[in-house]
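Hello,

Here is the structure I promised to pass on. Have a look at it first, and my notes follow below.

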Amino acid sequence: MELVLALGIGFLVSSGVWLILRPRTYQVIIGLSLLSYAVNLFIFSMGRLVVDRPPVLPGAGTVDPAAYADPLPQALVLTAIVIGFATTALFLVVLLAARGLTGTDHVDGREPER
Amino acid sequence: MAPEHLIIAPIIIPLVAGALLLLFDDRERRLKATISMLTAVALLVVSIALLRITHADGVADDGRVVVYLLGNWPPPFAIVLVLDRLSAMMLVLTAVISLPSLLFAAGRWNKAGPHYHTLFLFLLMGLNGAFLTGDLFNLFVFFEVMLAASYGLMLHGSGTQRVRAGLHYIAMNLLAALLFLIGVAMIYGVTGTLNMADLSLRIPHVAPENQMLLEAGAAILGIAFLIKAGMWPLAFWLPTAYTAAPAPVAAIFAIMTKVGVYVILRLSPLFFDGTGSSVSGFGANFLFVGGMATIVFGTIGVLASQALGRLAGFSVLVSSGTLLAAMGLLQVDVTAGALYYLASSTLAVSALFLLIELVERGQDAVANVLAVTMEAFGEGEEDEEFDEEVGVAIPGTLALLGISFAVCGILVAGFPPLSGFVAKFVMLTAALNPVGMGNGGEISSMAWWFSAMLIISGFAAMISISRAGIRAFWAPVEENVPRVLLVEIIPVGVLLALTLAITIQAGPIMRFMEATAASLHDPRSYVEGVMQAPRVERATPEAGQ
């Protein structure tokens with residue numbers, strides 16, 4: 001499972017980095033989205049990968065922490081998803097505004113001279 | 001009311017006021033400007049009250065660390081707000097800068113787009129939250145609040161140039177946010193906590209095999225803050241973005257680079273000053289070299305700038321670089337000088353951004369941008385709207401602008417007699433007397449390099465600013481005297497008067513900065529203050545009756 005997750009994160013990051021280095025704004029925003037998925041998975045994995053263990057402790061009494069998943073990264077990931085989604089949406093609006101104002105979807109707002 | 005509850009006020013007040021402003025129609029600008037100005041005054045009062053809680057002048061105590069437990073969990077758990085000297089000082093600085101900026105915007109800029117004041121207040125909320133929080137992930141959240149508001153403000157008024165610069169600004173900051181998250185996640189993965197004080201206790205005991213991971217996490221986190229602080233080579237977006245931003249927004253952005261500096265100032269001693277641990281001093285050399293490179297880059301940029309706006313943008317870089325390099329020296333006295341420099345340079349650069357817009361209004365370039373801005377907003381309200389504005393156009397405009405510009409130049413370059421000089425003098429004295437005045441002691445080569453760069457960057461700033469001043473004020477200007485409203489020149493005057501005030505009061509302020517620097521470099525009182533913060537006992541039914 002670790003290998004699959006690591007490979008998944010790796011693919012997402014490498015595609016994301018390649019895309020944000022591209023000259024078109026659409027590629028940049030897709031790249032940023034892929035990177036943020038990768039980061040979300042990464043945060044999640046920092047709580048250690050476990051299967052079939054609940055993150056919520058059952059009321060009072062002492063319990064064995066090893067039988068439970070770490071709930072904190074899950075909470076962090078939720079926050080990160082929401083914030084990342086909102087800022088990416090905002091970026092999308094700016095991207096469209098730039099397209100409308102400059103008439104091109106190049107990140108510098110003008111086509112490179114050939 | 002217990003002082004503990006006052007701590008949350010700098011976050012709550014702008015949040016409530018900003019939300020309240022959404023209820024009013026955007027045409028009621030005067031009402032909105034009044035409300036947001038009152039909010040800024042309230043923030044100033046609160047932050048001065050908080051400053052007085054943390055530091056009583058003349059009392060040689062450790063300084064109080066006041067902790068606010070959100071949710072009333074015992075300290076290592078849940079989120080805490082922590083107030084100490086440094087955060088109180090940053091709060092005061094934010095409030096002090098926001099007030100002139102709002103006043104300036106009331107002149108004409110708040111007409112250039114919707115929801116200016118709401119965004120501005122949310123920006124203040126994010127800034128204050130970032131200064132107060134004692135939790136790494138909460139810091140991320142407040143960073144995002146601040147940045148989201150800053151995107152809106154940066155694009156305020158629209159226009160091609162601004163949207164183009166905004167696109168780069170947002171893309172850079174989204175990337176920085178992702179790096180921030182990776183860094184936080186790695187640190188959590190190694191230590192199992194996000195509370196800064198708790199981290200400070202746990203980092204020295206990290207197992208050797210995990211140390212590499214921890215350092216990588218801290219380095220990635222550091223990159224996120226250095227992008228904000230504008231360290232070379234992460235700063236190419238900064239001059240363009242700050243130049244394109246509307247003047248009052250650029251003035252408040254002057255403190256946003258300082259947020260990055262603040263976080264590094266806060267975290268690096270907490271994480272890597274643990275005596276005897278093998279990770280102590282991590283990153284200091286990198287900060288020093290990076291800071292020096294930033295000064296060089298900023299100085300070259302200042303010299304090469306044709307437009308006044310870019311000159312101010314590169315001055316921001318020089319001041320960031322100076323602060324980072326000073327931190328890299330790891331000397332308490334240098335840090336004290338750097339803190340004073342932080343206050344002085346923020347005020348000066350803020351005034352410079354406001355002033356430049358006024359000066360350039362006489363020249364055609366920016367007047368055109370403004371006209372385009374108004375047009376893009378789609379309202380045909382032009383001159384007649386300006387005429388019935390709050391203030392009157394002042395006479396002798398050029399003389400007043402010229403004097404203010406000269407004062408700004410003196411401040412930025414660090415010439416006597418103003419606070420820029422005091423700040424640089426303190427840093428130089430401390431760097432060249434590592435074991436105290438007159439005690440001799442070996443002067444490190446780093447200190448020599450630092451001193452040289454400090455002086456060269458000041459010299460370059462003076463050359464560049466006097467050149468720009470000659471071009472702007474001594475050129476024939478019969479037809480192009482800028483129209484300046486009273487509410488637009490007063491903020492500049494207030495900011496410059498404040499730098500004069502901190503020059504005159506340099507003694508007590510330096511004592512404060514020295515105490516702040518000492519407690520920064522020895523964060524035990526901070527850590528103990530947070531970890532031993534008492535919970536509020538739940539009120540029993542008997543007590544309630």
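What share of the contacts in chain B with a separation of 6 or more comes from residues 24 or more positions apart? The share is 80%, where contact means heavy atoms within 4.5 Å.

Before the rest, a word on conventions. This is a predicted model, in which local features need pLDDT of at least 70 and side-chain atom pairs count only at pLDDT 80 or more, while totals for chains, interfaces and linings use all residues. Residues are numbered from 1 along each chain as its sequence is written, chains are lettered from A and ligands numbered from 1 in the order in which they are written, and side-chain values use heavy atoms, with hydrogens and water left out.

Chain B has 24 helices and 2 strands (DSSP runs, H or I of at least four residues for helices and E of at least two for strands, numbered from the N terminus). Of its 545 residues, 59% are buried (buried is under 20% relative accessible area, exposed over 50%, partly exposed in between, with a 1.4 Å probe and protein chains only).

Now the interface. On it, 29 residues of chain A are in contact with 25 residues of chain B. The buried area is about 2500 Å², with 84% given by carbon and sulfur atoms (this is the accessible area, 1.4 Å probe, that two parts lose on being put together, summed over both). From chain A, α2 (25-45) and α3 (71-102) each supply at least two residues of the side that touches chain B, and α3(A) has the largest share with 15 residues.

In one of them, A:Asp105 pairs with A:Arg24, with the closest N and O atoms 2.9 Å apart. A:Asp105 sits in the segment after α3 of chain A and A:Arg24 in the loop between α1 and α2, 81 residues apart. A:Asp105 is partly exposed at 28%, and A:Arg24 is partly exposed at 22%.

In chain B, B:Asp84 and B:Arg266 form a salt bridge at 2.8 Å, N to O. B:Asp84 lies in the loop between β2 (80-83) and α4 (85-107) and B:Arg266 in helix α12 (residues 256-272), so the pair ties together parts 182 residues apart in sequence. B:Asp84 is buried at 9%, and B:Arg266 is buried at 4%.

Best wishes

Note on methods:
Salt bridge = Lys/Arg side-chain N within 4 Å of Asp/Glu carboxyl O.
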